[in-house]
Each structure stands twice: as C-alpha cells, then as structure tokens.
Amino acid sequence: MSLSNLPQDSRSQHVSTEGSVGSEKTSGPAIGAKQSTVMIDSRRRAALQEIDEAPFSLFHVKVCLVAGVGFFTDAYDIFAINIASTMLGYVYGTGSPLNHIGQKLNKAQDLGVKVATPVGTLIGQLLFGWLADVVGHGIELMIIIIGTFAQALSGEGHAVRIVGVLVVWRFLTGIGIGGDYPLSAVISSEFSSTRIRGRMMTAVFASQGWGNFAAALVAFIIVSAYKDAILNDPSIDDPVHVDYMWRLLIGLGCVPGAIALYFRLTIPETPRFTLDIERNVQQAADDIHRVLTGSENSTVDPDAPVQRSDAPKASWADFRRHFGQWRNMKILIGTAWSWFALDIAFYGLGLNSSIVLTAIGFGTPLTEGTRLIFDNLRNVSVGNLILSAGGLIPGYYFTFLFIDIWGRKPIQLMGFIMLTLIFVAMGFGYDRLISTPSAKKGFVVLYCFANFFQNFGPNTTTFVIPGEVFPTRYRSTAHGISAASGKLGAIIAQVGFAQLKDIGGTNAFVKHILQIFAFFMLTGILSTLLLPETKGLSLEELSSEDQGSFANGIPTTSPATDVTALAA
C-alpha cells in the first residue's frame, strides 16, 4: 500500500462559498489557506509516492555505493587494529615475551587500542544520530579521515607513549565511525523504493564484511611486500620495518574514506529530510525528480516563496510524547536490546579465534628470530582472510537474497534461534570440542556457522529495522540509540569477557562465556517479538502516524496503519 492510499481527510472536506444556502460565509483568505494546505499535502504525497514506487536505477546503485563505502571504511578501521596491534607489540610492546614469541603489548595497552574506538563509536552514534535529524550529514567522514591519518603519523616522546597517542586518535576516529552508522542506514533507507529497501540496506551493511576482508587482505599484501626487509631486520627485539607496516595498514583506511566523502557531499539530503525536517515541499519534489532522472537542472526558483509543509518538529516534548506510548517505546526497546544482545556474542566470538586459527593451521608458528615475526603476521592475515570468506561474507548475501521475500523479523528470529543452539553446543561441549585435533575441527565448523547465522540473521537485521520503523524526525536518533546499545554490548564483550576468560587458567572460563552468549541469544528471541515486520510497507506507514495531518502540523495515530498490530 502506497502513501497515496492513506486517509486524506483534508481532501474530503468541501469548501463552502458565500451564497450557498444554509452555509456559513467563508472568507477568501480562509479558502486560500485551505486550498494551500490541500495543495501542499497533495504535493507531499506525490513526492513520496514517486520515490516509494521508483524502479531500480543507477541512482540506487550510487546510493548503495555512497553509503556502503562509508561503512566499508568504518569496518576496515575497526578490524585492522586486530592485526595492527600484533605489529605494534613487536615494535612498542612492553609486555614480557611469551616463550619465543617476542615483544607484545601488555594487557592494558592492547585493551586501550582495541576498546578506544568502540567507546568513541558509542558516543558518535548517539551524538551524530541526533545531529543528523537536525542538520543532515557530512562531517562524520571528515572526522574518520583526520583521525585515521593522524594514527598513521603518531609518534612518542618523553611525556607520552605512542600507545597513549593512538588511544586518543582512535577514540576520535570512533566518534566519526559512530556517526556513520545511523547516517548510512538512513541514507539508504530514505532514498530507496519500498520493494527493494531491504536489499539496498543489506547491500550497504554487507560492506562491513568486505571492510573486514580488505583489512586482512591489505595486511597480507603489506607483510608479503616487506618479507625481505623483516628477515633482514637486526633482531626480533628491533623489527624496524614492522613500524612502517602498521602505519601503512591503518593509514590506507583514509583512501575509501576520502572517496566516500566526495560522493557523500555530492548527493542531496534525502527527500524525507527535506520534506519533514526542512519542510520544503517544492525542493524535495525537485530533488526527487533530479535524482531519479539524472537531470542536473533545478526547476526551483530561488527567489520564489518557499512552500512549506507544517510537519511536526522534533523536540524533547514531542520525543517523550511519541516514545511515551508503549506501542512506540516497545519498538525502540526491541531494536536496542536485540542489537545489544547480538553484539555481545558477535564481538565476544573473537575471543575464540586463536583456537580456530590454530586448528586450521594458522596459529602461532614454531620458527624463531625475525622469521617468527614474518610467519606470525602472515598467519594472522591469512587466517583472518579465511574466517571472513568462510563465515562472515556469505551470511550477508543470504540475507540479501531473502530479506525482501521472507521479511526482516523471520530472518532475525531464525538467526537468534540458531545462535542459541550453536552457543549451547559450543559452551556445554567445549571441553570435548577442544580435546583432540579432530574434535577441534567440529569447533571450527560451529564457529563458522555462528558467524554465518549472525550475518544471515540479527547482525544484518538489527541494522536494517531501526532505519525503517521510526518517524523521519527521529529515525536517525533512534537508530543511533539502537546502535549505541549494540556498541555497549561490544565493549562489555571486549572488556569484561576478555578479562574473565582466563579465570582458573588460560581460556579456562571460555566455556562459561559461551554459555552466557547462549543466554543472550535467547533474550534476543524475546526482544525480536516486540518488533513489527517492515517488509513491503512505506516508511510513512511504519511511522504509526497519520501523515495526512502533517499539512496542518498535527501528528495523530492512524488506526489503519498501526504498525504495532503487525508485531503480534
């Protein structure tokens, strides 16, 4: 059902004129005002219907690329540090050598460089989620580029160690990355037509998998290119050329960020932002016409009076009014908790990567000296390439194939159910699964299936649903709240569970952590039941508001489009 089929009370009202029998006299200005309201409402509906029903075009490809490259950059920077931290350890580590493995970052240093970005991301998701509903998009990518470039140029002195400098810049980079989460979702959601919205948003989110893969691939290329230089370094305690390598690995993240920034600044604000936030109906209609036809000529007279709808403005009072209703609040709770529960396991699963890499032959090598450095870095890079290609990336594209056929809610439910079963098997069968080399192969299979059903499941849908189900004036804000909840789960996994895993001995508590993950996946099933199905509905239908009344600035509930009824 398109927006044009929603109730249009303003169109059904008849205007009485002077001289009609038994009618009140209506002044000319009153008639003009009512006609203007009807005209604005009609133009607003026509503009939204045009973009909701638009056939797939090159512009939709451009939107996916613009939003996707930004998300690719985010993922590259987040996952590159897992490899770069090993390189940093060889050059700047102050941890005591572990047998023959050479220098490494101590626990505090390793935790600092890895958790600084998620903490910044959490703040950025909340801050830029709110700002995007007020001023639009753009600045977040500039922060990512500056922060990434600064990391590559970091140094140290008597007053500050390089790890401290990196923590600061990674925190600032994280703020920019956090801002790109809601913006990438909203850009792809609000520019897409209804029938392909799920696939467009999934295509954007799949860039996370490619960013992860690219980080491992670039690391592998850099390690291979520096092979002779590493082998000819003075000693394992003075690997001069590894200092070049981590800077290249991190710094190259600027390249996709700069490309994304150029294209991000060349596309107009989304039509719904122009309609409902800037409230400029004529400009929105013109933007839609230009992006769908490829025309560069504007039909808007800059000197003409601006036609503005009277859509409700975002405010703290209106926010409390909207989300103070249980039917709206439960959706926000559902999106936030689902993302929180998922990310605890998504990031916590990485605690087991060393077991998996060892099982597939890419664990810590047995060589010595500078040869050890090369072999270890190559194993880490290739191992991460295999894990990305084996479980992460395929899951995204299974979601891409089915999200607009099955719907978002069934995929998320299926994912949480499968993950609950997988983590129960991994947790309660942990001792047996790691007892022998052949048993470890079973652990690897379960690990890959967990990665697969995270992405063919809630890791994708927790990104998609918050970008669809909230009103335009709070879409980015609510998506930011949901994403920040997920990042809080990631921080808990990386900080809390990483400290717990060695209770009672090395990796002795991991089985209990996996059992905890199973519990959180079970809660994800329950939180998913709070959510509506968004497949095939326009963003205006999903808002649970009568959009026809927006011409008069009075948001009301439309029983005919009560989206919460679909959650049952």
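This is a predicted model: local features need pLDDT of at least 70, side-chain atom pairs count only at pLDDT 80 or more; totals for chains, interfaces and linings use all residues.
I started at Phe517: skipping neighbours within four places in sequence, I find it in contact (heavy atoms within 4.5 Å) with Ile344, Ala345, Gly348, Leu349, Phe423 and Phe497. Residues are numbered from 1 along each chain as its sequence is written, and side-chain values use heavy atoms, with hydrogens and water left out.

Next, the cores. I take a nonpolar core as buried (under 20% relative accessible area, 1.4 Å probe, protein chains only) Ala, Val, Leu, Ile, Met, Phe, Trp, Tyr and Cys residues joined through side-chain atoms within 4.5 Å. The largest has 65 residues, and Tyr181, Phe423, Met426, Phe463, Leu514 and Phe517 touch the most other members. Apart from it I see another core of 35 residues, including Tyr76 and Leu372.

Then I looked at rings. Phe, Tyr and Trp (six-membered ring) pair if their centres lie within 6.5 Å; planes under 30 degrees apart are stacked, over 60 edge-to-face, the rest tilted. I get 30 aromatic pairs. Tyr430 and Phe443 sit edge-to-face, 5.9 Å centre to centre with 80° between the planes. Tyr430 is in helix H19 (residues 430-433) and Phe443 in helix H20 (residues 437-455), so this pair ties together parts 13 residues apart in sequence; helices here are DSSP runs (H or I, at least four residues), numbered from the N terminus. Both Tyr430 and Phe443 are buried. I also found a cluster linked by ring pairs: Phe398, Phe402, Trp406, Phe449, Phe452, Phe453 and Phe456.

How values were computed: Helices (H or I, at least four residues) and strands (E, at least two) are DSSP runs, numbered from the N terminus. Buried means under 20% relative accessible area, exposed over 50%, partly exposed in between (1.4 Å probe, protein chains only).
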